[in-house]
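The following paragraphs lead the reader through one protein structure, from its overall make-up to individual residues. Please keep the sequence and the model in view while reading.

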Amino acid sequence: MISSSSSSVIREVVEQFVREELSLENAQIAGAVWAMLDAGGKELRPRMTLLAATATNADAPKDPVLASYMELIHVATLIHDDVVDNADLRRGRDSTNNVHGNRFSVLAGDYLFSWVFKKVTLGYDNPVPTILSSMLSEICNGEVKQLRAMGNLQLARDQYYEIIGKKTAELFASCAEVGSIVALQRTTGKSGPTLRQHPVVLALRAYGWAFGMAFQIRDDLLDITASEAALGKPAGSDLRERKVTLPLIMALESGDPELRAVAAELFARSDLETGGATAVLAQVVSRLRQHPAIEGAKRVVKDYEAQARAAVSQLAPSKAAAELEALTHALSEYSS
């Protein structure tokens, strides 16, 4: 069973890789990765990987190594995200780019991706490497689409859903999918792309995707509604980075001309990153916090949570399946 003790197992495996393998190849990159890990995190992605395997077959050997790879992929995406967003903080600590600069951070993220994929290709049969390479392509695609959507007050819900589906939900979906597939491989001896069509694999991938959508929308809500202490970064960071997220989209859909005007003023400022637009930013955040769009976005989160639970209901009853369902009830505890 993957419970409180499993989190320490995952962390031990990740730390062992960083100490004993990654540090031997590049100590500076290992140090940057270590700092990210030391800042904390709920390790949701590796937990989902392990739970998906156990939900598929309780007798399958546990694979904390695969789970640790999924966490390291996540760390690499965070390093790149902070460069793209020009972020100074991550989980309340100085971000990698703030400490080491953008050029090192880009190369560190690239190196970590390639190091993990080398390990995966050597250690796992198809379709696992195929799934993970496709996942990385989707994440990059989503990041580019988000960049192109910066400051676009005409952004539609469907466009927003496509962006977060690629940049966030795809990783969760892949965690659940590869966890399930590896469990099947090790209990049936079969490999190949046909495993992706197994009913349990399909259900778990659907679970991970819906969970990821709910997770990202919740994160976007917290960016507006939570305190800086809770977020580990300033409230309204998405707006400061000209990101158009669901609460703003829904508020603009309601036809609020004053909100549209002040948001347009904010995004037109050239001093957002230096803090010169603090008063305008505070005004947008205040208006959004009082807007019915917040409750509307919360209902969308609930809809995706319900989709995730419906996917779990297709699995045979088990403690692992129950814990996957329980994760959907605790989304408010988590941020990226």
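This is a predicted model: local features need pLDDT of at least 70, side-chain atom pairs count only at pLDDT 80 or more; totals for chains, interfaces and linings use all residues.

The expected span of a helix is 1.5 Å times one less than its number of residues. Helix H3, residues 44-56, contains 13 residues, and the distance from its first C-alpha to its last is 18 Å, close to the 18 Å expected. Helix H3 is also mostly covered, with 13 of its 13 residues buried. Running through residues 199-225, helix H9 has 27 residues and reaches 39 Å between its first and last C-alpha atoms, close to the expected 39 Å. Of these 27 residues, 20 are buried, and H9 is therefore described as mostly covered, since buried means under 20% relative accessible area.

These helices belong to a protein chain with 16 helices and 2 strands. The chain has 336 residues, and buried residues make up 54% of them. Its accessible surface comes to about 14300 Å², and carbon and sulfur atoms account for 51% of that surface. Among contacts in the chain with a separation of 6 or more, 75% are between residues 24 or more positions apart.

Particular contacts between aromatic rings may now be considered. A pair of aromatic rings is described by the distance of the centres and the angle of the planes. A search of the whole structure finds 8 aromatic pairs. One of them joins tyrosine 161 and tyrosine 304 in an edge-to-face arrangement, with 6.2 Å between the centres and 75° between the planes. Tyrosine 161 lies in helix H8 (residues 157-188) and tyrosine 304 in helix H15 (residues 293-312), so this pair ties together parts that are 143 residues apart in sequence. Tyrosine 161 counts as buried because its relative accessibility is 16%, and tyrosine 304 counts as buried because its value is 10%.

Tyrosine 304 also forms an edge-to-face pair with tryptophan 209, at 6.0 Å centre to centre and with 70° between the planes. Tryptophan 209 lies in helix H9 and tyrosine 304 in helix H15, so the pair connects parts that are 95 residues apart in sequence. Tryptophan 209 has a relative accessibility of 31% and therefore counts as partly exposed. Ring pairs link Tyr160, Tyr161, Trp209 and Tyr304 into a cluster. Another aromatic ring, that of phenylalanine 215, has the charged end of arginine 45 over it, 5.4 Å from the ring centre.

What does glutamate 143 touch, not counting residues up to four places away in sequence? It touches Asp81 and Lys167. Glutamate 143 is found in helix H7, residues 128-148, and it is buried because its relative accessible area is 14%, under the 20% limit. The C-alpha atom of glutamate 143 is separated by 7.3 Å from that of isoleucine 163, a residue 20 positions away along the chain.

Cysteine 140 counts as partly exposed, at 42% relative accessibility. Cysteine 175, by contrast, counts as buried, at 0%. The structure holds 0 disulfides.

The loops between helices also deserve attention. The peptide bond from asparagine 126 to proline 127 is cis, with omega near 10°. Proline 127 is found in the loop between helix H6 (102-123) and H7. Elsewhere, arginine 242 lies in the loop between helix H11 (237-240) and helix H12 (246-253). Phi of arginine 242 is near 65°, a positive value in a residue other than glycine. At 21% relative accessibility, arginine 242 counts as partly exposed.

Is glutamine 314 buried or exposed? Glutamine 314 is exposed because its relative accessible area is 58%, and exposed means over 50%. This residue is found in the loop between H15 and helix H16 (319-329). The C-alpha atoms of glutamine 314 and leucine 202 are separated by 9.8 Å, although the two residues are 112 residues apart along the chain.

Notes: Residues are numbered from 1 along each chain as its sequence is written. Side-chain values use heavy atoms; hydrogens and water are left out. Helices (H or I, at least four residues) and strands (E, at least two) are DSSP runs, numbered from the N terminus. Buried means under 20% relative accessible area, exposed over 50%, partly exposed in between (1.4 Å probe, protein chains only). Contact means heavy atoms within 4.5 Å. A disulfide is a pair of cysteine sulfur atoms within 2.5 Å. Rings of Phe, Tyr and Trp (its six-membered ring) pair if their centres lie within 6.5 Å; planes under 30 degrees apart count as stacked, over 60 as edge-to-face and the rest as tilted. A charge sits over a ring if NZ of Lys or CZ of Arg is within 6 Å of the ring centre and within 35 degrees of the ring normal. Accessible areas come from the Shrake-Rupley method with a 1.4 Å probe; for residues, only the protein chains shown count as cover.
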